[in-house]
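Let's take a walk through this model together. Have the sequence and the 3D view at hand as you read.

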Amino acid sequence: MTVLGNRALGRATLARQLLLDRADIPVLDAVAHLCGMQAQEPQEPFIGLWSRLRAFDPAVLSDLLSGRGLVRTHLMRRTVHLLTADDTLAWRARHETMLRQRVLGTYRRELEGIDLDELAAAGRAVMADGEPRSMAELVGALAPRRPAPPPRALGEMLIAALVPVAQTPPRGLWRTKAGVRNVLLSSWLGRQPDPPSCDGADPVGQALVRRYLAAFGPAASADLRAWCGLAGLPAAVSAIREELVSFRDERGRELLDLPGAPRPDPDTPAPVRFLPAFDNAILGYHDRGRIIDEAHRGLSVAGERVVLVDGRVAATWSVDTGTVVVTPLGRLSQADRTAVAEEGREVASFLSGGESDRVRLSPG
């Protein structure tokens with residue numbers, strides 16, 4: 001079985017994630033291809049798409065949110081993701097058990113004795129009027145119920161797990177600050193999420209495996225689980241296994257992939273790319289060695305924006321009064337510093353609407 005080193009896997013990830021060459025595809029198609037984008041921080045998907053698409057216009061993403069072609073909702077790993085409406089409706093039921101379990105993993109003691117099905121029905125009844133509500137407002141509407149768990153535990157269980165909701169604009173629009181307000185997903189998108197399969201098959205799980213590999217492969221089953229948070233996909237993998245090809249990584253793990261998916265030569269040049277916080281190009285794996293050194297792994301879960309140099313995380317970046325500030329994690333060659341500065345100027349111009357192209361590199 002062919003062994004793929006970290007450099008080969010990294011180039012495959014860059015190609016699948018539209019980071020090796022910027023893609024000339026519509027925003028909706030890009031979000032679909034990426035299986036959604038982590039969007040806990042509302043402005044970060046704009047940066048992620050700017051780094052992946054040619055001539056990206058942030059107004060298009062805002063219009064898709066307002067027009068309900070894209071949705072902000074809790075899904076993979078119980079984090080807020082930006083997804084297409086079609087994927088949200090198709091995938092929501094398949095994630096429901098995981099969403100409940102993850103909230104219970106944090107608030108099991110606080111929610112002990114609560115009938116979750118009854119709570120879900122009560123939450124849906126309150127939200128049925130179509131009025132956007134914050135988590136606190138939904139919890140307040142249920143306050144007369146006894147016994148009453150702590151508001152945070154109750155709200156997280158309702159909004160992140162029990163009641164399928166969408167976060168409404170202006171939350172998530174370009175250069176807009178707005179609080180989270182939620183409406184029923186069925187009200188926002190005009191139909192109920194697809195029901196779970198009841199015949200023992202798992203077509204949604206199988207589709208998730210194929211879609212994940214198209215955007216992240218080659219990858220191990222543990223990587224798939226780390227991306228979506230679902231533990232119950234081995235049967236789906238087994239069902240489509242004959243469609244897939246296999247490799248090994250340097251640790252001996254079996255990696256699965258779609259036969260025709262791009263696996264570029266490891267020496268393919270990789271341009272500098274600025275990634276947003278919590279980008280799934282990093283978080284979408286259990287073993288992130290293909291793109292980030294173990295010593296820096298914590299950056300990917302701490303909300304640091306990172307810079308890829310030659311396909312690997314080599315710096316962090318932030319914005320200070322219109323200036324993009326880059327902090328290398330180690331020594332960069334002069335050529336790399338020049339390339340980082342050039343891309344940094346483009347980032348600064350994008351974020352400022354052309355008012356600034358200032359970039360500052362710390363020594364390194």
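The paragraphs below go from domains to sheets and then to cavities.

A word on conventions: residues are numbered from 1 along each chain as its sequence is written. This is a predicted model, in which local features need pLDDT of at least 70 and side-chain atom pairs count only at pLDDT 80 or more, while totals for chains, interfaces and linings use all residues, and side-chain values use heavy atoms, with hydrogens and water left out.

Start with the overall layout. The protein chain is divided into domain 1 (21–189) and domain 2 (273–359); such bounds come from an automatic or database domain assignment. The C-alpha centres of domain 1 and domain 2 lie 27 Å apart. Where the domains meet, 19 residues from domain 1 and 19 residues from domain 2 take part in the contact, contact meaning heavy atoms within 4.5 Å.

Now turn to the five-stranded sheet. Its strands follow the order β9-β10-β11-β12-β13, and this open sheet has mixed pairing. Helices (H or I, at least four residues) and strands (E, at least two) are DSSP runs, numbered from the N terminus, and two strands pair if DSSP finds at least two bridges between them. At the edges are β9 (273–275) and β13 (359–361), each of which pairs on one side only. From one strand to the next, the twist averages 30°. Strand β12 (residues 323–328) and β13 run parallel and are joined by three bridges; here you can find V324 opposite V359 in β13. Packing on this sheet is helix α14 (residues 334–352), which touches β9, β10 (305–309), β11 (312–320), β12 and β13. The direction of α14 makes about 145° with that of β13, where axes are lines fitted to C-alpha atoms, for helices over the stretch in contact, and angles run from 0 to 180 degrees between N-to-C directions.

Another open sheet has three strands in the order β1-β7-β8, again with mixed pairing. β1 (3–4) and β8 (254–257) stand at its edges with a single partner strand each, so one side of each has no neighbour in the sheet. Two bridges connect β1 to strand β7 (residues 245–249), and these strands run parallel. V3 faces R248 in β7 across this pairing, standing opposite it.

Finally, look inside. A search of the whole structure finds four cavities of 30 Å³ or more. On a 1 Å grid over the protein atoms alone, a cavity is a set of points where a 1.4 Å probe fits but cannot get out, and lining residues have an atom within 4 Å of a point; grid points are joined across faces, edges and corners, and a volume is the space filled by probe spheres set on the points.

The largest cavity has a volume of about 80 Å³. Of its 13 lining residues, M37, Q38, R52, D279 and N280 are the closest to its centre. β2 (37–38) and α3 (44–50) are the elements that give two or more residues to this lining. Domain 1 and domain 2 each contribute at least three residues to the lining.

The second largest cavity, of about 60 Å³, is lined by V209, Y212, L213, A219, A220, S221, L224, V237 and L256.

Conventions: 1 Å grid on protein atoms, 1.4 Å probe; cavity = no way out; pocket = protein on both sides within 12 Å on 5 of 7 lines; lining within 4 Å.
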